[in-house]
Amino acid sequence: MKSILFLCVISTSVLSGACIDQVDDDQANTTDVPRLAANGMTPNQIQVTTLDTAALTGAGITSIAATSDGRTFLSYLVGCALTSSQTLTTTGATQYSFTGSLGLASNWTSGALSASDRRWVSACMLARSNSAGTSVTLSMRGTHAQLFLSGENGYAVQEGTFYGDIFFGGVGKHACADVDVFTRPTYGSLKTRLCAHGDTVGSPTYCGFTYEGDCAVTCSFSSPNYTSCTDSTGAAWTEVIKVNVLGT
């Protein structure tokens, strides 16, 4: 069974509606294992917002949902933060509904995000960005209880690790490269995943994130996950998401 983010468009002026099972990516390539997620959002669709400062509501996201890029951003944001049992619907003549998936900050609907929650949501949004705009199914791994535990062993190609703060007043977007980016960068799904690729530490990755070099150097590992990574200023981040992909 597949779990899909649904976008419903309801026009109250004509009293009719349509639901499109095509928000997350062109192939709706998610599964009912909540730690597997698809990507296809381009980095420039990540919007700077103050949504983190209050409860996440349908009314609160209505203005962002007015544009196509805004709806793409919201589909990923809600997908990262909320669970599959949580749906937000915008207000106004045309209504859009966004259903969660990963559940990294499911309590956001009742109040502002904590500092840790906003970093988990940010890491998820960065991990699910793709400069090529291509849909790739990801195994997203980390110490959060909603991330990789078991059952994703087929995702053996190690791409990179993502961390940062995308919200207004945040302190950047960071990515480091894992082993397969260095040894076989065009293997399998890696050839269409470029956000962890960079040239020199501190320079932009191919997605515009700050490149932090080799994850094996900049991150601390405790099997089976990284527990923290540092950025080029020396600051440590404990809310980090490591991405693995398929080899075919």
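Let's start with G164 and its contacts. Setting aside neighbours within four places in sequence, G164 touches R119, S122, L126, G172, H174 and W237. Contact here means heavy atoms within 4.5 Å. Take W237 from that list. The C-alpha atoms of G164 and W237 are separated by 7.7 Å, yet the two residues are 73 residues apart along the chain.

Is G164 buried or exposed? G164 counts as buried, because its relative accessibility is 0%. The cut-offs are these: buried is under 20% relative accessible area, exposed is over 50%, and partly exposed is in between, with a 1.4 Å probe and protein chains only.

A word on the model. It is predicted, so local features need pLDDT of at least 70, side-chain atom pairs count only at pLDDT 80 or more, and totals for chains, interfaces and linings use all residues. Residues are numbered from 1 along each chain as its sequence is written, and side-chain values use heavy atoms, with hydrogens and water left out.

Now the strands. G164 sits in strand β7. Strands are DSSP runs of E with at least two residues, helices are runs of H or I with at least four, and both are numbered from the N terminus. Two strands pair if DSSP finds at least two bridges between them.

What does β7 pair with? β7 pairs with β8, antiparallel, over six bridges. T161 has C176 in β8 as its bridge partner. The two strands make a hairpin with six residues between them. In that turn, G169 has a positive phi of about 85 degrees.

β8 also pairs with β9, residues 210–214. This pairing is parallel, over three bridges. H174 has T210 in β9 as its bridge partner. Remember H174: it is among the contacts of G164.

Next, the open sheet. It has three strands, in the order β10-β11-β12, with antiparallel pairing. β10 and β12 are the edge strands, each pairing on one side only.

Go through it pair by pair. β10, residues 219–222, joins β11, residues 225–230, through four bridges. C219 stands opposite C229.

Then β11 joins β12, residues 236–237, through two bridges. T230 has A236 as its bridge partner. Here the hairpin has five residues between its strands, and G234 in the turn has a positive phi of about 95 degrees.

On to the helices. α2 and α3 pack at about 130 degrees, with axes 9 Å apart. Axes are lines fitted to C-alpha atoms, for helices over the stretch in contact, and angles run from 0 to 180 degrees between N-to-C directions. That angle makes α2 oblique to α3. Under 35 degrees is roughly parallel, over 145 roughly antiparallel, 65 to 115 roughly perpendicular, and the rest oblique. From α2, the contact uses F73, Y76, L77, C80 and A81. From α3, it uses V121, C124 and M125.

Last, the cores. A nonpolar core is a set of buried Ala, Val, Leu, Ile, Met, Phe, Trp, Tyr and Cys residues joined through side-chain atoms within 4.5 Å. The largest has 49 residues. Which residues have the most contacts inside it? They are L74, L77, W108, F162 and I241. Elements supplying at least two residues each include α2, α3, β7 and β8. A second, separate core has eight residues, among them Y226, C229, W237 and V240.
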